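Let us walk through this structure together.

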Amino acid sequence: MRLFVATATRFVLLCSHPSQKIKCLIPVVSPRLRRMAHYLTEMRGRQNSPDYRVYLKTSNGKYISPFHDIPLHVADEQILFNMVVEIPRWTNAKMEIGTKEPLNPIKQDVKKGKLRYVANIFPHKGFIWNYGALPQTWEDPNHTDKETKCCGDNDPIDVVDIGSIVCVTGQVIQVKVLGILALIDEGETDWKVIAINKEDPDALSLNSIGDVRKVKPGYLEATVDWFKKYKVPEGKPENKFAFNGQFKDKDFAIEVIKSTHNYWKALVSKTTTNDVVIVCQNSSLCDSPYKCSDAEASAVVKAAAEYAEPLPVSPDVDKWHFLSK
């Protein structure tokens with residue numbers, strides 16, 4: 001159950017979970033607009049339908065791409081990274097940055113004509129962290145990673161925020177990188193960066209993968225278990241990992257992030273072959289041939305479906321799946 005409590009300037013979202021209650025403060029502008037620290041989100045279409053989109057814009061109303069226009073690093077602080085939250089913790093809808101759409105809005109993935117939801121695999125409820133992507137990164141499908149021996153998955157690099165604060169879709173948070181896991185998803189390298197929201201109560205105590213084991217015992221094992229099994233209810237085999245499912249440290253993770261940032265630079269500057277239909281339209285990259293005007297960016301959003309009240313979710317989404325070890 002979710003309860004929204006209005007205050008003078010914001011709403012308080014109380015999220016109930018079988019094991020704990022988490023408070024999440026979400027500043028709200030209107031039912032379809034959310035104001036974050038530096039960005040606004042604008043919702044179009046109907047949530048829980050194929051036309052639902054979450055567009056991002058700056059605090060002064062300029063539409064941007066969450067893939068290309070948000071900096072990878074936070075100002076000059078090389079130890080902090082921007083994370084675009086696609087999927088809030090405990091939720092099931094498979095939301096993702098639309099890499100093949102103008103301005104790359106966040107949308108729900110569709111497979112075989114149906115909206116994708118991840119199953120509740122006991123004891124995990126939906127996604128067990130805030131899940132998202134690092135902007136200005138790209139896992140090049142034409143590049144074979146020397147460590148995993150597999151090509152990239154053609155997306156921004158994934159990141160999971162292991163903190164206790166529940167975020168919202170489209171929120172941009174600042175995170176510390178702690179380590180990385182190398183998932184091999186259907187023959188592709190699909191890196192999973194492990195990070196912590198700098199606003200989290202445990203952020204000061206977490207600076208490495210080793211710290212996670214001390215402060216949150218069992219969490220890393222649960223993360224591997226989740227990634228291994230989340231596709232099994234769809235009739236697929238368990239996922240595999242490079243490095244025998246062991247987490248690599250922060251320094252290793254940062255080197256992987258640097259390489260995916262360089263692949264992204266080549267993509268948006270048109271110095272690599274874009275035969276993978278990635279849309280590089282952006283509002284801020286002066287050296288990119290894909291830079292568009294504010295009017296062109298605004299036209300993209302205006303052409304999207306009008307915002308409407310969310311559709312109900314099928315009761316099947318709340319079912320639990322029990323898998324043998």
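Accessible areas come from the Shrake-Rupley method with a 1.4 Å probe; for residues, only the protein chains shown count as cover. The protein chain has an accessible surface of about 15300 Å². Carbon and sulfur atoms hold 53% of that surface.

This is a predicted model: local features need pLDDT of at least 70, side-chain atom pairs count only at pLDDT 80 or more, and totals for chains, interfaces and linings use all residues. Residues are numbered from 1 along each chain as its sequence is written, and side-chain values use heavy atoms, with hydrogens and water left out.

Next, the overall build. The protein chain has four helices and 23 strands. These are DSSP runs, numbered from the N terminus: helices are H or I with at least four residues, strands E with at least two.

Now go inside. The largest nonpolar core has 47 residues. Such a core is a set of buried Ala, Val, Leu, Ile, Met, Phe, Trp, Tyr and Cys residues joined through side-chain atoms within 4.5 Å. Trp129, Ile162, Trp226 and Phe227 have the most contacts inside this core. Helix H2 (residues 219–229) gives the most to the core, with five residues. A second, separate core has 23 residues, including Met83 and Val159.

A contact means heavy atoms within 4.5 Å. Leaving out residues up to four places away in sequence, Trp129 touches Ile162, Trp226 and Phe227, among others.

Terms used: Buried < 20%, exposed > 50% of the residue type's maximum accessible area, 1.4 Å probe, protein only.
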